[in-house]
2 protein chains.
Amino acid sequence: MSVFQIDNDFITRLKSLIAEGRTARIQQLLYDVHYADLAEIFTLLSSQESTHLIKILDSNKTADALAEIDEDLRETLLQNLSAEEIAEEIQELDTDDAADLIAELPDALQEDVISAIEDDTYVEDLRELLAYDDNSAGGLMAKELVKVQEDLSVLKCINTIRKQAQDVTRVHSIYVVDKKNCLKGRLSLKDLITANNKAIVNDIYIPKVDYVTVDTPGEEVAKVMSKYDLEAIPVVDDKKRLLGRITIDDIVDLIKEEAEKDYQLAAGIASDVEADDTIFALSRARLPWLFLGLLGGLGSVFILKDFETIMALPELRNLFFYTPLIAAMAGNVGVQSSAIIVQGLANDIVKGSLLNRLVKEVGLSLFNGLILAVLLILFGFIIQQELLLSLTIAGAMMGVIVVAALIGTFVPIVLEKRGIDPAIATGPFITTCNDIFGIFLFFYIAKLALGF
Amino acid sequence: MSVFQIDNDFITRLKSLIAEGRTARIQQLLYDVHYADLAEIFTLLSSQESTHLIKILDSNKTADALAEIDEDLRETLLQNLSAEEIAEEIQELDTDDAADLIAELPDALQEDVISAIEDDTYVEDLRELLAYDDNSAGGLMAKELVKVQEDLSVLKCINTIRKQAQDVTRVHSIYVVDKKNCLKGRLSLKDLITANNKAIVNDIYIPKVDYVTVDTPGEEVAKVMSKYDLEAIPVVDDKKRLLGRITIDDIVDLIKEEAEKDYQLAAGIASDVEADDTIFALSRARLPWLFLGLLGGLGSVFILKDFETIMALPELRNLFFYTPLIAAMAGNVGVQSSAIIVQGLANDIVKGSLLNRLVKEVGLSLFNGLILAVLLILFGFIIQQELLLSLTIAGAMMGVIVVAALIGTFVPIVLEKRGIDPAIATGPFITTCNDIFGIFLFFYIAKLALGF
């Protein structure tokens, strides 16, 4: 599929060419390489070797590869370059990638790099983009776009587009603006190809155009673009003046990042880490949730201690053997309920009132609980456990399952209403709450039923 | 952003217009509606009301809305339509959506719908697409594309494109083929706009073109398209003959579906369900994992029963109070480790040998375990627990954490190597294994240390 096969042989060969300093041979070997492949190559070389490649290859290619790699690796590689060298790379990028890259640099270096960039308009665009919030439409957009004024003839329009198109990696839509740069509509390339040369833009443009304002959150932009199957969307200010555009490839990255973040939150990983990160970075992401689990576990110690007396009663001490089962059920049911709610909230499909939702979860968990309770009673028969004890355990477990489902449903909805990411609720948070609550409820119900 | 605000008022008004049968008024009201908005409207109306809209609105719009909605809702709505009516809708769709829609119909209806479609070429395309595996490039691609032969002049080429472009929703690339329909390269629209009319395709086309073969798995297609930031990719057979193309909007949907599936697997939900599904569908997805949890819990009953004798020893029975803590730690650590590995595998960033990976996890979990162990010993001081017991509990917990991390790392890697989706390992599977194993290990280590 790809022209390049990046295998061990290739990397070994490249490493020895770098060691031997055979610049011309390396340039020839990597002449045709896609920047995404070059980015992959960077991850397989040492940082010295990668820096060497950045210095001897065309910035045109290395810049995009730099924009593509993981932030940690980028930081390492950029440390080996001077402000002028970084500026040279950055100038080759579209403004959105350039601004992201500059924003990552240490504050002191940022100004040096910007002043080393020659093109004044480009610098002005960068300064504008750097001022927007990272996770807003402004932070996602690029200044590069193709626009024409509404009063142009199609022929003049094509000339204008030809000029602008040279700066734009991919032309998705041609935006139509009025004299004040306010967005009026769009001109699809397909329409332009099939249009009569004598027409005027005003006659043929499509006034209906989706757009987002510069302060729209990134997630909202992703939702609009994926709902309406858009490949690019224009970004405007509060006066509808055209400021930039966002392309679908950035949205694909955003969707993947959001999904990874939610997945990690559900698994109890607090910040964006990867398998290749350092033990310290991984610990920082994992310890907070483990600490929460520890607190929950210590809470359970107190609850169980409260029922210590029944350890002396052979017919009741069996209850203690069921604590892992109860904790597992409470945790699993809670995570299931919250995961479904979190996804429903993300896709706007959680409709109806909170009460309806809770009633449905009660029905669902009663149904599931009943089936599991029957199995538990059967198990009691097999191990010749006293029927009353089995019934009590099964009944208490049903109670725990219902309450766990309610907590799992309630917590994400409440978090969402308070503007907190509900994804945080799935995983260790719900598991820990439900563990404690489930164990307490289990023993409390048993106490009521068996009268100890 | 969107022209339409679908609020309660709008839906109430639409419902009453439908009830009053005011067809012309409804057509006028929905004249400008985007198909994605119409899809949302369908989810807010009763199935009778939606069916009514499908019958009175232009199929051009309703067909795309039908393709957009959830499979369950689509099934309900299509049941209200005759084979001829379904065919009328389907004909308006691009071949990829049309084939997906037909594939969902009951077998008996499929043939009726296909025979009711008039366009023979379209039917032929549909039959071809229906033969491919759902989750392959063939199952994702559409037959609609724009292609030109390499020996055409640019002027003739533009005429050819004009004709073909009328059938294609969005023109991304113009593919260049030889006389045998073999893919030679591509012609970007931008290049075509800026090209000299007298040139020949052969002079200006870009021979470097990414493509996938028809049997490439969907996930692989998504990886290639997002790695190379492609908005469309051509699909070829084993002789490189151009068969169709896949566009990025389908890939965005695929990425979102995959992410939801992984998230649900991690949360212990076995099949793709949504908050609005029936209690039965939700139970079918949730019960298998709960059943697994039940089995694990019952396994723990036996393990704990084995240590029943120490309940009579006041200084040792405290161990039982720590079982929820141990189970929570084993579960949380296991899920964290497996989540990082699963994501690493999905992004191809798990490099180096299995042994290296396991060594790193041991280091990481020893470090985390040590911090948690110190906290546990402090807790022991506070509750005035005997030091030897506290040390034993803390040490055993560290052992459990290390083993849980190893299991969490090992299992997904082994699953991946055997061709099983490693995502299945994160969540209840790892949690349940680690619960049992952790509790056993905890008591076993305590037994060795305290000599009971």
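Student: How far apart do the C-alpha centres of domain 1 of chain A and domain 3 of chain A lie?

Tutor: This is a predicted model, in which local features need pLDDT of at least 70, side-chain atom pairs count only at pLDDT 80 or more, and totals for chains, interfaces and linings use all residues. Residues are numbered from 1 along each chain as its sequence is written, while chains are lettered from A and ligands numbered from 1 in the order in which they are written. The domain assignment, whose bounds come from an automatic or database source, gives chain A domain 1 (8-136), domain 2 (146-248) and domain 3 (279-450). The C-alpha centres of domains 1 and 3 of chain A are separated by 50 Å.

Student: Which helix of chain A gives the largest share of the side that touches chain B?

Tutor: Residues are in contact if their C-beta atoms, placed from the backbone, lie within 7 Å. On this basis, 94 residues of chain A meet 94 residues of chain B. The largest share of that side of chain A, 16 residues, comes from residues 279-306, helix H17.

Student: What rotation superposes chain A on chain B?

Tutor: The copies are superposed by least squares on the C-alpha atoms of residues with pLDDT of at least 70 in both. Of the interface residues of chain A, 100% are also interface residues in chain B, so the copies meet through the same surface. With an RMSD of 0.1 Å and 0.0 Å of shift along the axis, the rotation is 180 degrees. The copies are thus related as by a two-fold rotation axis.

Student: Is Gln336(A) buried or exposed?

Tutor: Gln336(A) sits in helix H19 (residues 323-346) of chain A, and its contacts beyond four places in sequence include Gly408(A), Ile269(B) and Arg286(B). A residue is buried if 20 or more other C-beta atoms, placed from the backbone, lie within 10 Å of its own, exposed if 12 or fewer, and partly exposed in between. Because Gln336(A) has 32 C-beta neighbours inside 10 Å, this residue counts as buried.

Terms used: Contact = placed C-beta atoms within 7 Å. Helix = DSSP H or I, 4+ residues; strand = E, 2+ residues; numbered from the N terminus.
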